[in-house]
Each structure stands twice: as C-alpha cells, then as structure tokens.
Amino acid sequence: MRSAISLFMKRSLLPVALMVAGFLAGAARAETSAVPVSAPASCAQLGDKPSAEESSPEPKKLGPFYSPFDARNWLANFQATYIWQRHPGFEAAYTGPHSLLPVNESGYTLTSTLFVGFRPWSGAELFFNPETIQSVELSNLTGLGGESNGENQKSGSQLPIVYLARLFLRQTFDLGGAESRPEAEQNRFASKLTSRHLVLTLGYLAVTDIFDDSAYSHDPRASFINWALWTYGSSDFAADSRGYTLGAALELYWDNWAFRLGRFAQPLEPNGLALDFNLIAHFGDALEVEHRHTLLGRPGKVRIDGFHNRANMGAFQDALDFAQQNGGTPDVANVRKTQSKFALGLNVEQAITNDVGLFARLSWNDGRTETYAYAEIERSFTLGAVVSGGPWHRPDDLVGIALAIDGISPVHRTYLGAGGLGFFIGDGQLTYGVEQIAEAFYSARLFPGMWFSLDGQFIVDPAYNRDRGPVKFLGCRFHFEG
C-alpha cells in the first residue's frame with residue numbers, strides 16, 4: 001500500500017512539474033523577447049488586425065539560414081487548465097449501458113501543455129508540444145451527444161498521463177500583397193506576413209488547429225466548453241482518442257479569401273488511440289473555403305467546410321440486418337468494413353460592436369455509419385454571442401451564451417431504439433427527441449495570465465431521449481498561460 005501511495009504521489013506531480021517547466025520557459029522567453037502570450041480573444045480581435053509595430057522582428061540571417069543561436073528563433077509558452085463539473089440527479093424512466101447516470105456526479109479534467117517552437121530557416125516554424133492530462137469523467141463519458149467538457153479525452157485517467165500532443169513543421173511562402181505583423185501566440189511566431197501567402201503544415205497536430213478556427217468559440221480552455229459548441233458537432237473529424245492525428249494541410253491566403261485542404265490519419269479502431277498510417281486506404285480529408293468581409297464597418301468571416309472520412313466503420317442498417325438474420329441486439333462491431341462518411345459545415349461569425357460578437361454553425365453528416373473519432377452528433381445547429389468586458393471596465397473578461405440543437409439520422413434512431421449501442425450513447429431503448437444544449441459562462445481575468453470562469457449548461461433530451469432528463473451541469477474553470 002505504501003509503495004502504491006508513493007507511486008501515485010510521484011505521478012500526480014507530473015502536471016506540476018510541467019507547470020514549473022513552462023513557467024521557467026516563459027520567464028526565459030520574457031527576457032529575450034517582448035512578445036506577449038496569447039489570451040482569450042476579445043470581440044475586437046475578430047478582424048485579425050495587425051499590431052502597430054512588429055513585436056518580434058525577424059532575426060538577422062546568415063546566408064539563407066537563420067542563426068540557431070539567436071534567441072528570437074525560439075519560443076516557449078505554457079498552459080494549464082482545470083475544469084470541474086457536477087450534475088445533480090435527474091428524472092430517467094430507464095438507464096442503459098451507455099446512459100448518463102441519473103444520480104449526483106462530479107468530475108474534472110486537468111491538462112498541462114508546453115509549447116516549444118524553433119525557426120530552423122526562413123519562413124519555417126517547428127513546434128513540439130508535450131502534454132499531460134488527469135481526469136475523472138462523468139458516467140465514463142457516456143450519455144450525451146454533446147459532451148459537457150471539451151477537455152475530456154476518450155483515454156483519460158485519474159493518474160496523470162504524459163503524451164505527445166503536437167510535433168509539426170509549418171512552412172510559409174510569401175506571395176506578395178499588403179503586409180501585416182501579427183503578434184506571437186501559442187505555436188506561432190511573430191513575423192511579417194503578407195495578404196497573399198501559402199502555408200504547408202506537416203506532422204502531428206489537431207485538425208481543428210487549422211480548420212473551423214472561430215474567433216468566438218473554438219477553445220474549451222477559454223470559451224464555451226461543450227463539444228457541440230466549440231467546433232462542428234457533426235464533422236467526426238479524424239483524430240485519435242486524445243484529439244490529435246498525423247497529417248498534412250495546405251493553405252492558400254489571397255487577400256480576403258483563404259482555401260485549406262488537408263489529409264489526416266484515422267484511428268485503427270473507432271475512437272481508438274493507435275493511428276492507421278495507411279493514408280491511401282483510410283483517411284480523413286478536410287476542405288475549407290473562407291471569406292473575410294466587412295458588414296456595417298465591422299469585420300466578419302464565413303467558412304464552408306467539407307469532410308470525407310474513410311475507415312473501417314460499421315453501418316447502422318447493416319447491423320440491424322445482421323441482428324434480424326442472426327438474432328441478438330444490433331451491434332455495429334459485427335459489420336465493420338471500409339466505407340466512407342461525408343460531412344458538411346457552415347460557420348459564420350460577425351462583430352457587432354468592439355465588445356460584442358455573434359457566431360453560428362450548421363453541420364451535417366450522412367448518418368449511415370457509427371461515430372468514428374468525435375461526437376455522436378449527425379445534425380447540428382449552434383448560435384451564440386460573446387461579449388468582452390469593456391463596458392464594465394474589464395476588457396479582458398468574457399461573457400458567453402449559446403444554444404446547440406443536435407440530432408441523429410433516422411436509421412441511427414432505429415438502431416438505438418432496438419438496443420444498439422454507440423461509443424457514447426445507448427439507453428437500451430429510445431423515445432427520440434433532439435438534444436438541446438444551452439451554455440453560459442463568465443470568464444474573469446484574475447491577473448495577467450490567469451482566468452477563472454463559471455460555467456452552466458442545461459441539456460434537454462440527453463442522448464436524444466425524451467424519456468430522460470433534463471440535466472443541469474454546473475462547473476468552473478481555472479486557466480493559466482505563461
């Protein structure tokens with residue numbers, strides 16, 4: 001017992017060790033660069049306006065290469081985020097194997113990430129992100145289409161786990177146009193940037209690092225927490241059970257337009273950790289077209305996204321047919337084969353004032369096959385607003401309120417009604433209703449680099465079942481950047 005306690009204490013100090021390392025790295029960076037770390041974006045930042053002066057000028061070149069000994073070629077940031085949530089008991093006519101438990105529950109996530117960057121040559125950025133997570137999931141992460149905590153992973157543990165979150169190379173090619181000088185942020189150096197440029201990214205990263213990058217709801221560490229609100233709920237984008245993958249993306253920026261195309265590795269098994277590196281047979285493709293505009297003098301963006309996922313998936317109708325012929329409960333695991341899933345998304349964001357911004361997303365997938373890598377959602381509409389605290393003299397505070405309405409395909413409903421289980425949902429039977437999620441938060445900056453948030457969620461018809469719920473979630477979040 002004593003040895004087990006000792007082992008736990010050693011492992012539980014891993015997030016603290018990463019925090020100390022990140023703090024020291026940030027302190028060292030502060031001595032060599034005047035670049036501020038990124039903070040949760042205010043509404044006025046939507047237009048991506050360049051800073052008045054370049055925060056970190058390009059280091060002197062030695063021939064075609066930068067000097068590796070120039071401190072401006074190195075970048076280090078750190079983040080730590082703790083999210084705690086609780087839901088009280090709620091009404092449920094029945095409870096199945098993959099239901100949200102109708103009793104008082106509480107859980108948490110604690111993540112820590114170190115962002116280390118190096119510029120090996122002109123236009124290139126190499127980033128390395130070790131990360132750790134420690135978590136207790138509500139109901140083993142089952143019972144909801146839109147999971148309540150965006151920091152949750154499908155492979156979380158009560159003991160800290162250290163893993164590689166990102167290791168990628170980004171190369172930017174200047175094609176001319178107007179110049180801007182964006183500030184440094186996590187996984188991005190400050191440097192001169194033209195309005196027309198090409199970006200090639202290769203390595204281990206998250207699909208959402210490049211696609212669907214909304215200014216108002218894209219990061220559960222700083223904004224909305226629910227899975228249905230921080231990205232397309234129906235995209236089922238390629239990712240391992242921690243949310244990362246291996247792949248490549250090409251981006252073309254041409255004045256007010258941006259075009260993005262990427263191919264990424266799927267997990268070997270649905271929602272699994274190991275990746276399938278055969279990117280010819282199995283893959284997740286993503287395509288995005290973005291346009292920046294000005295409406296009544298305020299900046300906004302519109303994005304259209306398409307996803308094509310090809311993997312060894314089970315189809316709901318095949319599972320129903322198999323059960324009818326062979327008896328038993330339908331199970332997609334019995335009928336898996338290589339096949340495709342298609343998804344579409346529309347993302348609109350618009351600044352209303354310097355302090356108020358709106359966003360909306362609409363997403364859909366064909367609903368034929370099981371959820372392979374993300375949320376158990378096949379139709380989704382979200383609408384929300386974010387207000388920064390300028391009017392009450394706290395410009396670094398944020399208030400957000402949003403609504404998500406999610407659904408699943410008719411054949412998926414039949415599968416669940418017959419007792420079939422998905423990775424996240426399965427109450428044993430089903431009286432179908434759309435899952436409705438309302439979330440509100442207040443994020444207050446306590447001091448530079450530290451934010452505290454209160455968060456509340458109200459979910460009607462959890463897991464698309466009118467016989468269960470509604471459910472209330474209360475939570476708080478501490479977020480540190482350095």
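This is a predicted model: local features need pLDDT of at least 70, side-chain atom pairs count only at pLDDT 80 or more; totals for chains, interfaces and linings use all residues.

A: Residues are numbered from 1 along each chain as its sequence is written, and side-chain values use heavy atoms, with hydrogens and water left out.

Q: How many salt bridges does a search of the whole structure find?

A: Side chains of opposite charge can pair when their charged atoms come close. A salt bridge is a side-chain nitrogen of Lys or Arg within 4 Å of a carboxyl oxygen of Asp or Glu, and the search finds 20 of them. One of these joins Arg221 to Glu131, with the closest N and O atoms 3.0 Å apart. Arg221 lies in the loop between strand E9 and helix H3 while Glu131 lies in strand E5, so the pair ties together parts that are 90 residues apart in sequence. Helices (H or I, at least four residues) and strands (E, at least two) are DSSP runs, numbered from the N terminus.

Q: What is the nearest side chain of opposite charge to Glu137?

A: Buried means under 20% relative accessible area, exposed over 50%, and partly exposed in between (1.4 Å probe, protein chains only). Glu137 is buried yet has no salt bridge, and the nearest side chain of opposite charge, Arg242, is 10 Å away; here Lys and Arg count as positive and Asp and Glu as negative, with His and the chain ends not counted. Glu137 is found in the loop between strand E5 and strand E6.

Q: Is Thr294 buried or exposed?

A: Thr294, in strand E12, is exposed, with a relative accessible area of 59%. By comparison of positions, Thr294 and Ala351 are 57 residues apart in sequence and 9.1 Å apart in space, C-alpha to C-alpha.

Q: Where does Leu346 lie?

A: Leu346 lies in strand E14 and, at 33% relative accessibility, counts as partly exposed.
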